[in-house]
Amino acid sequence: MNKQPQAVQVHIKLVDSKPLIWRRICVKSDISFYELHWTIQISMGWGNSHLFEFHADNYRIGEIDEEFDGMGFGKNEMLDSKKIYLDEIITTAEIKKFRYIYDFGDYWEHEILIEKIEDIQENIYYPYCLEGKLEAPPEDCGGIPGFYHLLKVMKNKKSPEHEMMKEWMGGIYKHAEADLEEINEDLQNLQKYIDDFENEDF
């Protein structure tokens, strides 16, 4: 990993979403993939209710047992997201595009593209979200096909599923725009989100 971290501009898109649901964020190159997972969750509007995994060429990065030693880059070997850092993938392994999978049931697949790398700017808090379009779909709605079926049903009050879907959603659902101000407020409290989650009594 580089001795001096750099600023990495990253584009995130939810695969097969139309219109495209996306974010452009800026992170430090020394961010762990675990922290990057949380950054994506907050930026996209997910609720961190399911498992996740990054796919970068032959590397699989995710949450694993504490007994895992996290040594080496083996093919199809799960690497510990808390021990692998972004710079190891984009600089050492020279990977500029990879995948992030959230919820193996609904299978929300995101394409992560490294757009540019530059010097850290003073007086800037990292990570932060530069821009984006639309909120993430509701959790547990059946993936991309289920989400667009939901939108269709919610628009059609005559649909036999309308009232059931409305009740499930807790009211009328509107696919809202991304709230960048709220996203960046939450990103400034990234470590608190992580600490609160890890200290929850399950």
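Buried residues, meaning those under 20% relative accessible area with a 1.4 Å probe and protein chains only, make up 46% of the 202 residues in the protein. This is a predicted model, so to speak of local features a pLDDT of at least 70 is needed, side-chain atom pairs count only at pLDDT 80 or more, and totals for chains, interfaces and linings use all residues. Residues are numbered from 1 along each chain as its sequence is written, and side-chain values use heavy atoms, with hydrogens and water left out.

As for overall dimensions, the radius of gyration, taken over C-alpha atoms, is 18 Å, which agrees with the value near 17 Å that a compact globule of 202 residues would have. That globule rule is 2.2 Å times the number of residues to the power 0.38. The C-alpha trace spans about 60 × 40 × 35 Å along its principal axes.

The protein carries 22 positive and 41 negative charges, and their mean positions are 9 Å apart. Lys and Arg count as positive and Asp and Glu as negative, leaving out His and the chain ends, with each charge placed at NZ of Lys, CZ of Arg, CG of Asp or CD of Glu.

Then there are the aromatics, with 12 pairs in the structure. Rings of Phe, Tyr and Trp (its six-membered ring) pair if their centres lie within 6.5 Å; planes under 30 degrees apart are stacked, over 60 edge-to-face, and the rest tilted. Phe 33 and Phe 54 make an edge-to-face pair, because their planes sit at 75°, with ring centres 4.9 Å apart. Phe 33 belongs to helix 1 (residues 33-44) and Phe 54 to strand 3 (residues 52-56), so this pair ties together parts 21 residues apart in sequence. Both Phe 33 and Phe 54 are buried. Together with Phe 52, Phe 98 and Tyr 100, Phe 33 and Phe 54 form one aromatic cluster.

Note on methods:
Buried means under 20% relative accessible area, exposed over 50%, partly exposed in between (1.4 Å probe, protein chains only). Helices (H or I, at least four residues) and strands (E, at least two) are DSSP runs, numbered from the N terminus.
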